[in-house]
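Reader: Could you walk me through this chain before I start looking at it in detail?

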Amino acid sequence: MFYTMLTLAATAFTACVDDDVDEQGPMLELSEETVAFSGTATEDATVTVKSNRQWTVAYEDEETQKEWMYFKVSGDEVSPGIYNGDGTVKITVGESAQPHSGRLVFTLSNSYGVLFTKYLTVTQGNYVPPTVGAVGKLVAYILGDSRLSGAVGSNNAMPLQYSEATIEAVILANDAAGNNNRKLYVGDNNGLARSAIVLYGADYAMANDPVAKYPVGSKVTLDLRNANYYAFNNVRQLTDVVVTVGEEKVDLVIPSLSVDKFNTGDYQAQYVRLNNMKPQTEWIGKSWTAESAAQSVLINDEAGNALTVYMNQGKYATGFAGMFVADKTGTIYGVAETYRENPQLIPTRKADIEALSSSEGGGTEPDPTPGDAIYYESFGTVDVADKPLVANYTGWAKTGSGAAEVTYSGEGKVSIRTSGKPSAGYEGASGLNKAFFGTNNPALIINKIKLDGAQDLQLTFGAQYSKTIDYKAGLYDNEFKPEKFHLSLSADGTEWKTVAYTYAQADEYWVFATSKFKLKDKADYLYVKYAVDEVSVFAIDDVRLVAGSGGTEIDLGGGDTPGPEPVDPTHLVLDFTRGADMATPAFPYHDKDDSSSATEGTYTIDGYTYTIKASSDGKFYWFYNNYNAGSEYKSFYIGKAGAYIELPAVEGKALTKVVLTGASGASSTSEASVTDTAGADIAGGLSQVVGQGTATYELSGTAANTSYRITITKNNCQFAKIELFYGDGGQTPTPSEPTLAVDPTSLSFAAKDSAKTIACTAANADGYTVGAESSDAANFPAAVSGTTVTVTPTENTGSARSATVTVYLTKDGGATRVAAKSVAITQAAAGGTEPSGKSVTMTNVQIIENGTTTIPENSYGSQNVSDPATYYKWTIDGLEFGGAKICKAPAGDYTGLIQMQGNASDAAKQGFLGNATALGKIIKVVIVSQNTKYEPTEHLYMGTSAYTLKANEQTRTSISKEGNSYTETFEISGDFGFFTLANDKVGAFYVESITVYYE
């Protein structure tokens, strides 16, 4: 049965019209505004239309509505789809177990355009409009969090840090047929855009039977507390999510999309359908999956709009075996993804493509291999158990008409080995020895392939990327990273030209790459160079050069072109407006469309060698900033603090002056210094602000034939130009730069206490005076008298509090400060007293500033809880401390605090810190932390040796809260000289300060 709601009153509209049939204003009336079908069976209803003009009716969303309803018009049809005067519209809904809602659009027009529009809402069943669900809110959070925008690629994965620890979702699709490469798709199951996301992990692979473990339609709970996020080629995905599959299953809500709507990319990770699709002619009769490589099958809608359907290599997408593309029109299903900028549909099971398939094939595999080999190298079959470097390997297996004079050379550590996964999945995969790109800026060079006049060429090779994410969990990243793998060509082995290549997935671990090119001028020989931006993750095999066609023209030079003008060795100029290829190899190129970068490398510029290394949490690249039209600029970007550029040693000359010019868009507070190669200060090289201006370093005491470094000391630097001046070495050193020591490095006060002093000792400080600044001058004012700083606390009537007093040397009243030191200040809560004996306080700032290495930011670097050699370590008052799985928190709610990783079950992900120097008998520990949502849940353990875990757990004596800051006090029970603060609970823990009292 159907019922009607809110009948429309007859309404007249007056307008200027071009009709002269009657004098009445145009009119369009519907007998109902809403038609509601209460059941789920087939039903129909009729709506009366009254009009004195011509009108039309159409679906508001034809692709979706035609699946469950249709209408038929009775009336005076003056031309197709246009009716004149009164009429009726019969609406029929089909049998459906799901509720639906849609609108019919009635339009009255004349030659001037649309006069007005009316809508008829049609519903079926107990329809409730969908609202944004838990996954939709998560996706909105990801898209709106600028912190996550840089998480591109698995190596840049970032902690999700979502406010909800767990959310509910529905499994939309799994890797049932081997076409989805370790992905599980979950969402709200409401049909809305941006309501789904990809979960990535080894457990979701086809080999682990995801159909049984993660059945489609199952309701699941997602534990996000340890989740990490990154975008792989624009595909949003999470790792380290704990998925709990519930008992309840639901029917999927499957959006029906037009090709235009699909190509917006708004339905990423959702299981969708597209109706009335037909394969393009060139694909009919071919297998949906090719044996040689992955492929993209193209199909069209009725209007000729193309849809890309991704199909994995047949060896892995076994669920589609024996299926051929048919000359049919029908509906196709699959998961929506956007690979880089290209939307593509990924079928998940045989039924998804059944309507466009047949069991009989024809045609040929695409892109047959052209020509006979000019050169081919399989890297041989000899035993390589000792993993020989390129220079030491003798088992080469070169063949081909141009191979006779070929030799091989390597940069860094490129070795020949068989470890890991051998080449497979592409035609001609040799499957044994391969070239592996290890450390020290590795590159492989193939020298002197004789061309015999050939100019149209095609170079192919197998390539592999394999990186361990979590060895114990069996989690690896095998997604090839083309932005980190570079192919260059040369006609003489000296001047190199970077060339593009394409690739297709061959199997789960290898890709098959192809570069087609045409030499502008004939060359006697071709030199090939492979270089990488990430160490110990890439390998290649089966390098083959053949005659080809249709390639991009490249100019490798040649002839008697004069060489470059000689460079003045006393004045080296690095003008970065010259471009990324001013260096050999070329610098990583970065702009708004290309985010290439590197972390370390050796480069030659104008005949001189520079070694560049980013900080543990930084990177470098040549930067064309074209993000804002009209304010473009070019620079060299390097960061963060601790990164350096090692400068060349010039024969017989010493570095005497360095001038750094910042780019127009650089951070205004960025700083750099000039140091020796051990990072120690040199006279005249102390840190200066570079920013967007110029910093000049007049050096003395430098030695001839010696390298020095430009070291980044604050933020990221962007250099427009670097000028290096070299002169005669052995100058008499100028007096050393001023230094400052403070004693003590921390002060502790009772709630009501007297002033305490800090003794300052300065050296090489003629003309300097001591200055001091308190971060909380209202409660801890600091006064200076000579070389003594006095801190006088106000009475504390609330919870425990802390501050930092910065002591420095200055010549101009504090405008310019050098040799600054931080003194940690703590004060007990109201009514509290400080224990007798000694104490040491470390603030987040001191832990960062006093580290023996640079602490990573928002990542834990190479820290391993089982290997003390990898711990981050720092020294306070001559006492050594350390910890693992700790870092500097990124900008946000916890900016600059010490972030400790948390996990309830995996000890490898449980951050901790403690003292490595014995403190005597510890009697009390006060911990100040921050959290915007939860009360602290960390544990404090005590021991008679460093880093004792899961023993002698202490009970918290008290806790107080002020804003988002928590102060916890532990009165220690037992005789212990070591403490360990451990985060063996779910969620990160953020430390502001720790004070330890001991006897």
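Predicted model: local features only at pLDDT ≥ 70, side-chain atom pairs only at ≥ 80, totals over all residues.

Reader: How many helices and strands does the chain have?

Author: The chain has 5 helices and 73 strands, where helices (H or I, at least four residues) and strands (E, at least two) are DSSP runs numbered from the N terminus. Along its principal axes, the C-alpha trace spans about 105 × 85 × 60 Å.

Reader: And what percentage of the residues count as buried?

Author: Of the 999 residues, 49% count as buried, with buried meaning under 20% relative accessible area, exposed over 50% and partly exposed in between (1.4 Å probe, protein chains only). As for contacts (heavy atoms within 4.5 Å), residues 24 or more positions apart account for 70% of those in the chain with a separation of 6 or more.

Reader: Let's turn to aromatics; how many aromatic pairs are there?

Author: A search of the whole structure finds 38 aromatic pairs. Rings of Phe, Tyr and Trp (its six-membered ring) pair if their centres lie within 6.5 Å, and planes under 30 degrees apart count as stacked, over 60 as edge-to-face and the rest as tilted. One of these pairs joins tyrosine 141 and tyrosine 162, which are tilted at 55° between the planes and 4.9 Å centre to centre.

Reader: Where do those two tyrosines lie?

Author: Tyrosine 141 lies in helix H2 (residues 134-144) and tyrosine 162 in the loop between strand S10 (158-159) and strand S11 (166-173), so the pair ties together parts that are 21 residues apart in sequence. Tyrosine 141 is partly exposed, at a relative accessible area of 22%, whereas tyrosine 162 is buried at 16%.

Reader: Why does the pair of phenylalanine 576 and phenylalanine 636 get the label it has?

Author: That pair is stacked because the ring centres of phenylalanine 576 and phenylalanine 636 are 5.3 Å apart and their planes are at 25°. Phenylalanine 576 lies in the loop between strand S40 (571-575) and strand S41 (589-591), and phenylalanine 636 in strand S46 (residues 633-638), so the pair ties together parts that are 60 residues apart in sequence. Phenylalanine 576 is buried, with a relative accessible area of 2%, and phenylalanine 636 is buried too, with 1%.

Reader: Which residues do ring pairs link into a cluster?

Author: The cluster linked by ring pairs includes Phe437, Phe461, Tyr465 and Phe480.

Reader: What lies over the face of tyrosine 376?

Author: Arginine 544 does, at 4.4 Å from the ring centre; a charge sits over a ring if NZ of Lys or CZ of Arg is within 6 Å of the ring centre and within 35 degrees of the ring normal. The charged end of lysine 756 likewise sits over the ring of phenylalanine 749, 5.1 Å from its centre.

Reader: Changing topic, how many cavities of 30 Å³ or more are there?

Author: The count comes to 2 cavities of 30 Å³ or more, a cavity being a set of points, on a 1 Å grid over the protein atoms alone, where a 1.4 Å probe fits but cannot get out. Grid points are joined across faces, edges and corners, and a volume is the space filled by probe spheres set on the points. The largest cavity has a volume of about 60 Å³, and the residues that line it (an atom within 4 Å of a point) include Leu172, Asn189, Ser195 and Tyr271.

Reader: Last one, what is the backbone like between aspartate 743 and proline 744?

Author: The peptide bond joining aspartate 743 and proline 744 is cis, with omega about 0°, and proline 744 is found in the loop between strand S54 (739-743) and strand S55 (746-749). The bond from glycine 639 to lysine 640 is also cis, with omega near -5°.

Conventions: Residues numbered from 1 in each chain as written. Heavy atoms only, no water. 1 Å grid on protein atoms, 1.4 Å probe; cavity = no way out; pocket = protein on both sides within 12 Å on 5 of 7 lines; lining within 4 Å.
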